[in-house]
Amino acid sequence: MTDIKPALIERVGIEIIPESDRTAKPRDLFWPWFAANVSVFGMSYGSFVLGFGISFWQATIVSVIGIVVSFLLCGLIAIAGKRGSAPTMVLSRAAFGVHGQKVPGIVSWLTSIGWETFLAILAVLATATVITQLGGDGDSIALKITATVIVAALIVAASVLGYHTIMKLQSVLTWVTGIVTVLYIILAAPSIDIAAVMARPDGGIGHVIGALVMVMTGFGLGWINIAADWSRYQKRTASDGAIVAWNTIGGSIAPIILVVFGLLLAGSNDDLFNAVQADPVGALATILPVWVLVPFLLTAVLALVSGAVLGIYSSGLTLLSLGIRIPRPSAAAIDGVILTIGTIFVVFFATDFLGPFQSFLITLGVPLASWAGILIADILRRKKDYDDDALFDENGRYGAWDWTSIGTMIVTSAIGWGLVVNNFAEDAAWNNWQGYLLFLIGGKDGQWAYANLGVFFALVLSFAVTYFARAGKIRRQERA
């Protein structure tokens, strides 16, 4: 991939990548995005999508569109990485100001470390489920401790070693997880009942849009706050179109296949449909022969670890962008320790915390969608590379605070929270304050209530406001 031999541990933090190190090619972006999204967890989305009460064909259409469009948006963010050779949150200083970037930066850090902790928890729970199927004691404390230690060690070690190690790791994981996932599809295919799948009735437009937004947030939008981190080693001469294309292809191929297959499985078996809601990965193992459970377990855990590694690496960069002056490996290690503590807390002491935890993270999805809309509009308006020095200078062309962007994020987030409902109303009643604008379109019991329109509005409104309101300022910044 590169023409040089990088050090074992990546020392570069949030500073600009030296010209001599920018040797990656657009096609290199395929590996991290494919490996992070080839997880069998993707099949679980088949159950989640059908849970909106829509038919198989409706679910298939919204899944394909939602996955491709969401990773296309990631690809647009990745263009900034090539233009600035810095992490995503540092590049967003051009839109928010050198200090103003800390507002979305905190949201991004909480979201990244939260979802990666969730992936680690899923990996431990999946291990317990499969061990039980093999005849062992899946509830054994020793087993869960061992699983937690192994999962946490893999995530922390890879994220501390950094970019070059992760890129090599992801290319290996791509082949391993891809082969076993194909084997899973072959073995599980006989469980499909086409007649039962096609018998599911169509749902209303609100249910279809709700499923579409859920797919977008579950796939591409879930990664959008780190998209430029993986393109900052690209040559400045790399094609914007190629970067967008390889991001989209790498991120989309596996999820499309996995989700459609998951739709066929969940639509065939109501017991599996319900079981996936409680244990998304472990439930999928219940339809497999015993001899394949061990490779299935290893693949499922490795795929979840692969996704968590990307997130923890990037959350470490985001932590540095907030002003904490420590080496990058130390920042990744700190986030790894937080991930480990969070996993131990949920797995051993507070299993009823998982619902409230997801409720909190989904709430952060609204301001993150707003940030994405602002940054995408900013990227599309710019014609030149970023001013490297100004990204770190509050007196530079990007200034300290951009109140247009910050105000846009606050207002559109407030509108967005008013148009979503808490999906964990019983487990997280403290978060039921959302949805205060739904009375305008049928109320909290109407067909639009669970359409997650707030995420969509936050993204689109922020894009529109930024694209027009900041056009002049961006031109002045580029002339300065």
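Predicted model: local features only at pLDDT ≥ 70, side-chain atom pairs only at ≥ 80, totals over all residues.
**Core.** Start with Trp230 and Trp371, the residues with the most contacts inside the largest nonpolar core, which has 132 residues. Then select residues 293-321: this is helix α14, and the largest share of that core, 15 residues, comes from it. A separate core of six residues lies apart from this one; to find it, select Val421, Leu438, Ala451 and Leu453, which are among its members.

**Trp371.** Return to Trp371 and show its surroundings, leaving out neighbours within four places in sequence. Its contacts are Ile77, Thr88, Met89, Ser92, Phe96, Pro104, Ile224, Asn225 and Met409.

**Helices α6 and α14.** The crossing of α6 past α14 is left-handed. Colour the contact between α6 and α14 by residue class: 16 residues are nonpolar, 10 are polar and two are charged.

**Ala188.** Next select residues 163-188, helix α8, and pick out Ala188 within it. Is Ala188 buried or exposed? Its relative accessibility is 0%, so Ala188 counts as buried. Not counting residues up to four places away in sequence, Ala188 touches Phe261, Leu265 and Ile287. To finish, draw a C-alpha to C-alpha distance from Ala188 to Ala285: the two are 9.4 Å apart in space and 97 residues apart in sequence.

Conventions: Residues numbered from 1 in each chain as written. Heavy atoms only, no water. Core = buried A, V, L, I, M, F, W, Y, C linked by side-chain atoms within 4.5 Å. Buried < 20%, exposed > 50% of the residue type's maximum accessible area, 1.4 Å probe, protein only. Helix = DSSP H or I, 4+ residues; strand = E, 2+ residues; numbered from the N terminus. Contact = heavy atoms within 4.5 Å. Left-handed = near helix turned anticlockwise from the far one by under 90°. Nonpolar A, V, L, I, M, F, W, Y, C, P; charged D, E, K, R; others polar.
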